[in-house]
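Subject: Model handover and notes

Hello,

The model we talked about is below, with the sequence. My notes follow it.

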Amino acid sequence: MAGFDQDAVPAEFLCPLSLAIMEDPVFTVDGQCYDRFLIEEWLESHDTSPLTGRKLEHNGAVDKRLIPNYNMKNLIEKWQKSWTERLGVPTIELSQLQLNTTRPPKLFSQTTFEIRGDSPNFANAADRHKKSALIGTGKDKNVYRGWWNGRDVAILEFRSGTCETEAQILKKLGQHPHCCTFYGVADGARIIVNELAPLGNLSDVMEDHRDKLTR
């Protein structure tokens, strides 16, 4: 999980394989903790520890069991909540975000309940759904077309770095009458939710309409 200033994150919250905050921490039989999807990927072709190189064994037999680390998950979630409270921005439940996978893309007002039912919840979206809803990508984030609370939104999912500065800037920009509304953050500030720019990329809009934005 990305979206935070890594220098401020407790080291034990970081997966040793990605150095990112763990979303689903699990133990291997040797007591090491990893993010589930990364260690599962490793174990598809290995029976050793990615850290020590030693075989993962129990009673002399290879053992690739993964044990949920509920305590670590709870600690991470509490830390993320306190971080977003300190940031002072609205929090949105991840379960409320829906990807807009319509083709050609349709606004919320142009769809029916049945059409929206074919687009997945962001939390459960497969890679193919995200690819279909992708409208932009950058060095540290992907931007998806989506819906939230009956609104057309841009969902910014951070892969690395920090969203703190960007969230604060967007919060201020969202108060400007000529800029898109900033709605809040989700998933422990790994995700930022903005109004979908009606004219396309927000950076391009700001440049094209600089004279209006500075009035």
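Which residues of α1 are buried? They are Leu38, Ile39 and Leu43, where buried means under 20% relative accessible area, exposed means over 50%, and partly exposed is in between, with a 1.4 Å probe and protein chains only. These three cover an arc of only 130° around the axis, so they are on the same side of α1; the arc is that of the directions from the helix axis to the C-beta atoms. Phe37 and Glu41, on the other side of α1, are exposed.

Some conventions before the rest. This is a predicted model, in which local features need pLDDT of at least 70 and side-chain atom pairs count only at pLDDT 80 or more, while totals for chains, interfaces and linings use all residues. Residues are numbered from 1 along each chain as its sequence is written, and side-chain values use heavy atoms, with hydrogens and water left out.

Overall

The protein has 7 helices and 12 strands; these are DSSP runs numbered from the N terminus, helices being H or I with at least four residues and strands E with at least two. Of its 215 residues, 40% count as buried. Among contacts with a separation of 6 or more, 54% are between residues 24 or more positions apart, a contact being heavy atoms within 4.5 Å.

Three strands form an open sheet in the order β2-β1-β5, with antiparallel pairing; two strands pair if DSSP finds at least two bridges between them. β2 (33–35) and β5 (67–68) are the edge strands, each with a single partner, so one side of each has no neighbour in the sheet. Strand β1 (residues 25–27) is joined to β5 by 2 bridges, and Phe27 stands opposite Ile67 in β5. Helix α1 (residues 36–43) packs on this sheet and touches β1, β2 and β5. The direction of α1 makes about 100° with that of β2 (axes are lines fitted to C-alpha atoms, for helices over the stretch in contact, and angles run from 0 to 180 degrees between N-to-C directions). The buried residues of α1 pack against β1 and β2.

Around β11

Strand β11 (residues 182–186) is mostly covered, with 5 of its 5 residues buried. β11 pairs in the parallel sense with strand β6 (residues 91–92) over 2 bridges, and in the antiparallel sense with strand β12 (residues 191–195) over 4 bridges. Val185 takes part in both pairings: Thr91 stands opposite Val185, and in β12 the bridge partner of Val185 is Ile192.

Aromatic pairs

There are 4 aromatic pairs, counted for rings of Phe, Tyr and Trp (its six-membered ring) with centres within 6.5 Å; planes under 30 degrees apart are stacked, over 60 edge-to-face, and the rest tilted. One of them is Phe122 with Tyr144, edge-to-face at 5.8 Å centre to centre and 65° between the planes. Phe122 lies in the loop between α3 (113–117) and α4 (127–133) and Tyr144 in strand β9 (residues 141–148), so the pair ties together parts that are 22 residues apart in sequence. Both Phe122 and Tyr144 are buried.

The rings of Trp148 and Tyr183 have centres 5.1 Å apart and planes at 50°, so this pair is tilted. Trp148 is in β9 and Tyr183 in β11, so the parts tied together here are 35 residues apart in sequence. Trp148 and Tyr183 are buried as well.

Loops and backbone

Thr101, in the loop between β7 (98–99) and α3, is buried at a relative accessible area of 17%. Thr101 and Ala133 are 32 residues apart in sequence, yet 4.9 Å apart C-alpha to C-alpha. Leaving aside neighbours within four places in sequence, the contacts of Thr101 include Asp118, His129 and Ala133.

Pro104 is in the loop between β7 and α3, and a cis peptide bond joins Arg103 and Pro104, with omega about -5°.

Two residues have a positive phi without being glycine. Asn59, in the loop between β3 (57–58) and β4 (61–62), has a phi of about 55° and is exposed at 74% relative accessibility. Asn149, in the loop between β9 and β10 (151–158), also has a phi of about 55°, and is exposed with a relative accessible area of 55%.

Regards
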